[in-house]
Every structure is written in C-alpha cells, then in structure tokens.
Amino acid sequence: MMLPEWLLRHTAIIEPFEGDGAYGAVYGPEVTERCLVDDERRLVRDAQGAETVSDTTIFFRPGTRCPEGSRVTVNGRVTTVITSFNRDSGGLPTPDHVEVVCR
C-alpha cells in the first residue's frame, strides 16, 4: 500500500547531493516530486547520531531519492536534508513512503 495520491498536496524540487567538489557541494539534476509537507519543529538525529532541530518533514512516494545533504525547495523555501527514511510496511496495511527530515 502506498501513500494515497490525494495526500500529496505539495510539490518539491529535489537537488540530490552528489558529494563535495573543489568549489563546494555538488548536486545532481533537479527532480520535481509531489509530496506532503509537515511544518513541525522537532529534535532529530542525523546520520552521524548528532541531535539537530528539524523544521520540516516531507513525505514522498516510495522510491524517491533524497540523500542526506540534498537541497529541497518546497513552499517557496529552500531546505537541506538532515536524513531520510524508507518506510516499508512489509505487507502490512500501512502506507509505504519515504520520510525526509529537513532543516
């Protein structure tokens, strides 16, 4: 089961982080995806285990690629991905999705 289409009310532009280059961060080509945005401030842990504050959580369809460090533009704001999670229900009747936590 996937997130229902009617929940995906927002549009996000994802610039996937590819690594660091001689002049700073390098991003891949832009991808536009439909999503659901939750603007809630909460304390989360990044990939290294450090606590940081997240202002936005974005929910995408399964298979969306949004690695840590990517730039995401949603609702006119540019944010940076802290971490992302593939939420796979394993066949249970809950929606599969990708949860992206942003600064």
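Q: Arg71 first: buried, exposed or partly exposed?
A: Arg71 is partly exposed, with a relative accessible area of 30%. Buried means under 20% relative accessible area, exposed over 50%, and partly exposed in between, with a 1.4 Å probe and protein chains only.

Q: Before we go on, what are the ground rules?
A: This is a predicted model: local features need pLDDT of at least 70, side-chain atom pairs count only at pLDDT 80 or more, and totals for chains, interfaces and linings use all residues. Residues are numbered from 1 along each chain as its sequence is written, and side-chain values use heavy atoms, with hydrogens and water left out.

Q: Which side chain meets Arg71 in a salt bridge?
A: That of Glu15, at 2.9 Å, N to O. A salt bridge here is a side-chain nitrogen of Lys or Arg within 4 Å of a carboxyl oxygen of Asp or Glu.

Q: Where do Glu15 and Arg71 lie?
A: Glu15 is in strand β1 and Arg71 in strand β8, so the pair ties together parts 56 residues apart in sequence. Strands (E, at least two residues) are DSSP runs, numbered from the N terminus.

Q: And Glu15, buried or exposed?
A: Glu15 counts as buried, at 14% relative accessibility.

Q: How many bridges join β1 to β8?
A: Four, and the strands run antiparallel. Two strands pair if DSSP finds at least two bridges between them. β1 (residues 10–15) also pairs with β4 (residues 31–38), antiparallel, over five bridges.

Q: What stands opposite Ala12 in each of those strands?
A: Glu33 in β4, and Val74 in β8.

Q: Back to charges. How many salt bridges does a search of the whole structure find?
A: Eight. One of them joins Glu5 and Arg34 at 2.8 Å, N to O. Glu5 sits in the segment before β1 and Arg34 in strand β4, 29 residues apart.

Q: Which residues are in a network with Glu5?
A: Arg34 and Arg61 are linked with Glu5 in a network of salt bridges.

Q: What does Asp39 form a salt bridge with?
A: Arg77, with the closest N and O atoms 2.9 Å apart. Asp39 is in the loop between β4 and β5, and Arg77 is in strand β9, 38 residues away.

Q: Switching to Thr79: why does Thr79 count as buried?
A: Because its relative accessibility is 5%. Thr79 is found in strand β9 (residues 77–87).

Q: What is Thr79 in contact with, beyond four places in sequence?
A: Ser70, Arg71, Val72, Cys102 and Arg103. Contact means heavy atoms within 4.5 Å.
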